[in-house]
Amino acid sequence: GAQKDKLQDLLLFYSSTEKKLVTLGEYVSRMPESQKYIYFAAGESIEAIDHMPQTEVLKDSSTEILYFTDKTDEFIADMFRTYQEKEFRSALDDEPETADAEKKEPDEAAQPALDFIRETLGAKVDGVKASTRLKTHPVCLTCGEGLTFEMEKYFKSFQMPTPVKADRILELNTDHPAVQAMEAAMTSDRAKAELYAKILYDQALLIAGLPLEDPSEYTDLVAELMK
């Protein structure tokens with residue numbers, strides 16, 4: 001216990017609000033009373049994490065996020081679970097709880113579009129849902145419970161006989177013009193709607209820093225739209 005505490009006190013992570021490396025102790029000392037979790041976001045670099053659509057809601061409520069840029073940072077959080085009785089929580093997980101964030105209720109009318117994307121993408125995704133936290137971006141990819149995308153990338157370097165894969169849950173901003181364009185095409189031009197669905201998924205992969213299954217197919221899809 002004492003060793004663990006000592007180790008935790010020494011760790012430094014980049015802070016989204018302080019724009020420098022901070023300790024967990026400093027982070028907790030700044031937490032408003034209403035905040036339940038120590039929020040972190042893992043990614044390739046500070047810049048990559050900064051541009052992640054999932055962090056928008058937390059940033060808008062001025063919630064401090066710790067950026068995990070080292071491949072093993074997420075494993076540390078997983079191992080420790082808590083610091084000063086505050087739980088670690090990924091900002092990229094399902095629905096971060098912010099004290100003052102307005103809960104946007106998913107729109108029932110969006111269900112046909114969600115079903116259409118699920119049908120179009122098939123086994124590529126483990127779920128499709130209307131996002132309650134995307135504001136300016138059309139899509140993002142979340143991993144649900146368990147293994148994260150950064151962990152998946154980490155294990156990939158070991159060339160395991162069975163590749164370890166995180167779940168892929170596609171979240172859609174149903175208010176975004178790109179998603180609405182796909183919905184409009186569902187009745188007027190189904191082939192075009194399928195094109196939109198595939199492009200939205202590939203964009204979500206790119207944002208998550210995951211490799212495209214077929215980069216040349218993606219460029220062909222975009223070129224098709226530019227005709």
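Modeller: A disulfide here is a pair of cysteine sulfur atoms within 2.5 Å. Keep in mind that this is a predicted model.
Colleague: Okay, how many disulfides does that rule give?
Modeller: The count comes to 0. Cys140 is in no disulfide, and its nearest cysteine sulfur, that of Cys143, is 10 Å away. Seen from Cys143, the closest cysteine sulfur is the one in Cys140, and 10 Å is too far for a bond.
Colleague: Is Cys140 buried or exposed?
Modeller: Cys140 counts as buried, because its relative accessibility is 1%. Cys143 counts as buried too, at 4%.
Colleague: Switching to rings, how many aromatic pairs are there?
Modeller: A search of the whole structure finds 8. One of them is Phe40 with Phe68: the centres are 4.5 Å apart and the planes at 5 degrees, so this pair is stacked.
Colleague: Where do Phe40 and Phe68 lie?
Modeller: Phe40 is in strand E3 and Phe68 in strand E4, so the pair ties together parts 28 residues apart in sequence. Both Phe40 and Phe68 are buried. Tyr154 and Phe158 pair edge-to-face instead, with 5.3 Å between centres and 85 degrees between planes.
Colleague: Which residues form the aromatic cluster?
Modeller: Phe75, Tyr154, Phe155 and Phe158 form one cluster.

Definitions and conventions. Residues numbered from 1 in each chain as written. Predicted model: local features only at pLDDT ≥ 70, side-chain atom pairs only at ≥ 80, totals over all residues. Heavy atoms only, no water. Buried < 20%, exposed > 50% of the residue type's maximum accessible area, 1.4 Å probe, protein only. Phe/Tyr/Trp six-rings, centres within 6.5 Å; stacked < 30°, edge-to-face > 60°. Helix = DSSP H or I, 4+ residues; strand = E, 2+ residues; numbered from the N terminus.
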